[in-house]
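Q: I am new to this structure and would like a close look at a single part of it. Please give me one connected answer.

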Amino acid sequence: MIDSQMTSGLHKIEILLGTYGIEIEEADTPLLTMLIDEVELEIKNWCNISEIPTELENVIVRRVCGKFMDITVKNSITEADGVVKAKTLGDTRIELATSTTDQAKRINELINYGSEILYKYRRIPW
């Protein structure tokens with residue numbers, strides 16, 4: 001899986017994060033390695049399996065990217081970055097969408113990616 005191909009897995013993570021405008025630095029490698037181990041353990045525990053099939057590599061890559069973005073990007077957003085969601089003045093209503101909520105939604109989608117795929121590999125313990 002990603003353990004045996006750590007370079008390949010990190011490369012895929014780097015490419016996916018690049019599509020979101022996030023560049024990976026050498027200092028981020030230990031955090032990414034820790035997140036890969038964490039996501040793999042979560043999947044192994046939820047599915048009750050000891051080895052992760054190669055078909056789940058994309059699930060791991062996306063979930064690691066989501067967790068990495070949650071730690072690095074989402075935590076750096078402050079309340080001052082937000083814009084007023086709705087303002088009413090008389091009969092005029094102005095509603096401005098915030099990129100913060102869109103970004104948080106995208107991060108949560110990545111963190112929870114593949115939940116329906118994992119059902120295929122889940123084993124019920126006896």
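The close look is at the place where helix H2 and helix H3 come together.

A: This is a predicted model, in which local features need pLDDT of at least 70, side-chain atom pairs count only at pLDDT 80 or more, and totals for chains, interfaces and linings use all residues. Residues are numbered from 1 along each chain as its sequence is written, and side-chain values use heavy atoms, with hydrogens and water left out.

Start with the whole protein. It has five helices and two strands. Helices (H or I, at least four residues) and strands (E, at least two) are DSSP runs, numbered from the N terminus. Along the sequence, the pattern reads α-α-α-β-β-α-α. The protein has 126 residues, and 31% of them count as buried. Buried means under 20% relative accessible area, exposed means over 50%, and partly exposed lies in between (1.4 Å probe, protein chains only). Take the contacts with a separation of 6 or more: 76% of them join residues 24 or more positions apart. A contact here means heavy atoms within 4.5 Å.

Now the helix pair. Two packed helices are described by the angle between their axes and the distance between the axes. Helix H2 covers residues 29-47, and helix H3 covers residues 57-72. Their axes come within 9 Å and cross at roughly 125 degrees. Axes are lines fitted to C-alpha atoms, for helices over the stretch in contact, and angles run from 0 to 180 degrees between N-to-C directions. H2 and H3 are therefore oblique to each other. The classes are roughly parallel under 35 degrees, roughly antiparallel over 145, roughly perpendicular from 65 to 115, and oblique for the rest.

The crossing of H2 past H3 is right-handed.

Which residues of H2 and H3 make the contact? H2 brings Leu31, Leu32, Leu35, Ile36, Glu38, Val39, Glu40, Glu42 and Ile43. H3 brings Val59, Ile60, Arg63, Val64, Lys67, Phe68, Ile71 and Thr72. By class, the contact has eleven nonpolar, one polar and five charged residues. Nonpolar covers Ala, Val, Leu, Ile, Met, Phe, Trp, Tyr, Cys and Pro; charged covers Asp, Glu, Lys and Arg; the others, Gly among them, are polar.

Look at single residues next. Ile60 sits in H3 and is buried, at 0% relative accessible area. Met34 belongs to H2. With 44% relative accessibility, Met34 is partly exposed. Met34 and Val64 are 30 residues apart in sequence, with 9.4 Å between their C-alpha atoms.

The loop between H2 and H3 holds Asn48. Asn48 is partly exposed, at 34% relative accessible area. Phi of Asn48 is near 60 degrees, a positive value in a residue other than glycine. Leu56 is found in that loop between H2 and H3 too. Leu56 is buried, at 0% relative accessible area. Between the C-alpha atoms of Leu56 and Glu40 there are 9.6 Å, and 16 residues along the chain.

One more link leads away from the pair. Asn112 lies in the loop between helix H4 (99-111) and helix H5 (115-121). Asn112 and Arg63 are 49 residues apart in sequence, but 6.6 Å apart in space, C-alpha to C-alpha.

Definitions and conventions. Left-handed = near helix turned anticlockwise from the far one by under 90°.
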